[in-house]
Amino acid sequence: MMRLAYILLGGCLALVSSVAVAAPGGLKTVDINNAGADAYNQGDYVRAIDLFEQAYDREPNSPIIRRNLCNAYQARADQFARSGDLKSAVRLLENATGVEPDNPSPRVQLGAYYLRLNDVDAAIRHLEQAITIKPGDPDAHELLGEAYYRDNDLSSARAQWEYVLKVDPGRTALAERYEKAFREESVETGFDRWRSRHFQVTYPPDVPAEVRGTVIQILDRAYVEIGRELGGVFPPPPIHAIFYYAGQFSEATLQQSHVGAVYDGKIRAPLTLDNGQWIPEPELRRRLTHEYVHVVVRQAGGPGVPWWVNEGLAEFLSRPTTSQDEARLRQLFQAQNVPSLRELESVNINTLSPEDSALAYLHARAAVEMLWNRFGRGRMAQLLQEISRNKPVEQALQEVYRRNYRILDRDLAAQYQ
Ligand SMILES: [Zn+2]
């Protein structure tokens, strides 16, 4: 199961509008700055950056030119981020912090983008600096709380979020995140930690070393294999994985018993069955590989990947199709009351009964398997990349596979009828 509790803010920060004020030291620089301000006000940030950079080269100490250049970098970075090109956005913002080291605004924006890139360490660094420069900005504190949370430093996250909720109690989404973190913290207090090359693993203190070793070996192998399958996607460390006994798992995640593990930005999985026995290794491997696929899909495709692609890939890459699966799919498609992929996409998977959700997963998996087997894994990597650039899903499918939903539905039905 995959539950994304939130989507980070898009990163459009308030920009101080540029003003054309005479800079000391010569008419020419003023003209260049003014032309830059005109371009900025018309929304032509590329030209504005070019002009402000020229003005800045001539007068690097002018606070007005520096602010204008910084604003232009931030506005252009916002454009890049909206088109899904976070790396270019980050590069411009790093320039902005060089031009105006004491301006917290580009650092907050950087923090938000680094979080979206899963570079939690860089996010923490910039957000802590922003808050040191100007404490009290609720957005900066909320983001820093998020970064600490993602780093699994729950008590530091709580301190940031408590402050934000005190000054701005209307943030209901944050209030829910806070409740969730508080619930997890109460279960995970006293857990041990183990750091492998790529993973930070957290688990109850009395778990035997051999169980811990098995878990890490499964994760490390998934890191290499799934990363390769999806075109060389290797998320930056640490990737957090938290393990529980069965009762603790449901207490921390509030999941029903048919849910075997979750990925909510961290992999969370029980190590035991309801009867207290260790989950057998093949089953643990299947569950952890499934959740690790979500980590990679998130890294490659961002938050806009439709659930059927995400779950379809997770199922397809974590276990072989059984003859039972095949039989159920044939039954489903022959009954001819199969939802279309478009309908499947709009279903809220978390509200389905266990039976309906199993069927929806099977359908999603069959669609992904068909695309993978017919067109190869390179196309799937390409599809994720197009979606990460905020392209609508059907348009991305059309460009990568030359097929819209209707044709995919037809192809899929033909396989099972
Ligand atoms: Zn899943």
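These legends describe close-up views of a predicted model.

**View 1**
The domain assignment divides the protein into domain 1 (27-183), domain 2 (192-296) and domain 3 (305-416). Between the C-alpha centres of domain 2 and domain 3 the distance is 25 Å. Their contact draws on eleven residues from domain 2 and 15 residues from domain 3.

**View 1. The interface of domain 2 and domain 3.**
The size of an interface is often given as the accessible area lost when the parts come together. Here domain 2 and domain 3 bury about 1100 Å² between them. Carbon and sulfur atoms account for 65% of that area. On the domain 2 side, Glu-229, Leu-230 and His-290 supply 44% of the area buried against domain 3.

**View 2. Polar and charged pairs across the interface.**
Five residue pairs are in polar contact between domain 2 and domain 3, counting pairs with both residues at pLDDT 80 or more. One salt bridge is found across this interface. Glu-229 and Arg-377 pair through their side chains in a salt bridge, at 3.0 Å from N to O.

**View 3. Helices on the domain 2 side.**
Which helices each supply at least two residues of the side of domain 2 that touches domain 3? They are α10 (209-229) and α12 (281-301). Helix α12 gives the most, with five residues. By class, this side of domain 2 has three nonpolar, five polar and three charged residues.

**View 4. Asp-264 and its two partners.**
Side chains of opposite charge can pair when their charged atoms come close. The count for the model comes to 27 salt bridges. In one of them, the side chains of Asp-264 and Lys-180 meet at 2.6 Å, N to O. Asp-264 sits in the loop between β4 (262-263) and β5 (267-270), and Lys-180 in helix α9 (residues 172-188), so the pair ties together parts 84 residues apart in sequence. Asp-264 also forms a salt bridge with Arg-268, with the closest N and O atoms 2.8 Å apart.

**View 5. Burial within a salt-bridge network.**
Lys-180, Glu-184, Glu-188, Asp-264 and Arg-268 are linked in a network of salt bridges. Are Asp-264 and Lys-180 buried or exposed? Both are buried. The relative accessible area of Asp-264 is 10%. For Arg-268 the value is 0%, so this residue is buried too, under the 20% cut-off.

A salt bridge joins the side chains of Glu-386 and Lys-391, at 2.8 Å from N to O. Glu-386 is buried, with a relative accessible area of 17%. Lys-391 is partly exposed, at 24% relative accessible area. Glu-399 lies in helix α18 (residues 393-401). Neighbours within four places in sequence aside, Glu-399 is in contact with Glu-386 and Lys-391. Glu-399 is partly exposed, with a relative accessible area of 34%. The C-alpha atoms of Glu-399 and Gln-382 are separated by 9.7 Å, and these residues are 17 apart along the chain.

**View 6. The surroundings of His-141.**
His-141 belongs to helix α7 (residues 138-150). This residue is buried, with a relative accessible area of 9%. What is His-141 in contact with, leaving aside its neighbours within four places in sequence? The contacts are Ile-131, Pro-135, Gly-136, Gln-160, Trp-161, Tyr-163 and Val-164.

**View 7. Backbone exceptions in loops.**
Most residues other than glycine have a negative phi, and most peptide bonds are trans. The peptide bond from Pro-237 to Pro-238 is cis, with omega near -5°. Pro-238 is placed in the loop between α10 and β3 (239-244). Asn-118 is not a glycine, yet has a positive phi of about 65°. Asn-118 lies in the loop between α5 (104-116) and α6 (120-133). Asn-152 likewise has a positive phi, near 60°. The loop between α7 and α8 (154-167) holds Asn-152. Asn-152 counts as buried, at 4% relative accessibility.

Terms used: Residues numbered from 1 in each chain as written. Predicted model: local features only at pLDDT ≥ 70, side-chain atom pairs only at ≥ 80, totals over all residues. Heavy atoms only, no water. Domains from an automatic or database assignment. Contact = heavy atoms within 4.5 Å. Buried area = accessible area lost by both parts, 1.4 Å probe. Salt bridge = Lys/Arg side-chain N within 4 Å of Asp/Glu carboxyl O. Polar contact = N/O pair within 3.5 Å; in protein donor to acceptor, adjacent residues only side chain to side chain. Helix = DSSP H or I, 4+ residues; strand = E, 2+ residues; numbered from the N terminus. Nonpolar A, V, L, I, M, F, W, Y, C, P; charged D, E, K, R; others polar. Buried < 20%, exposed > 50% of the residue type's maximum accessible area, 1.4 Å probe, protein only.
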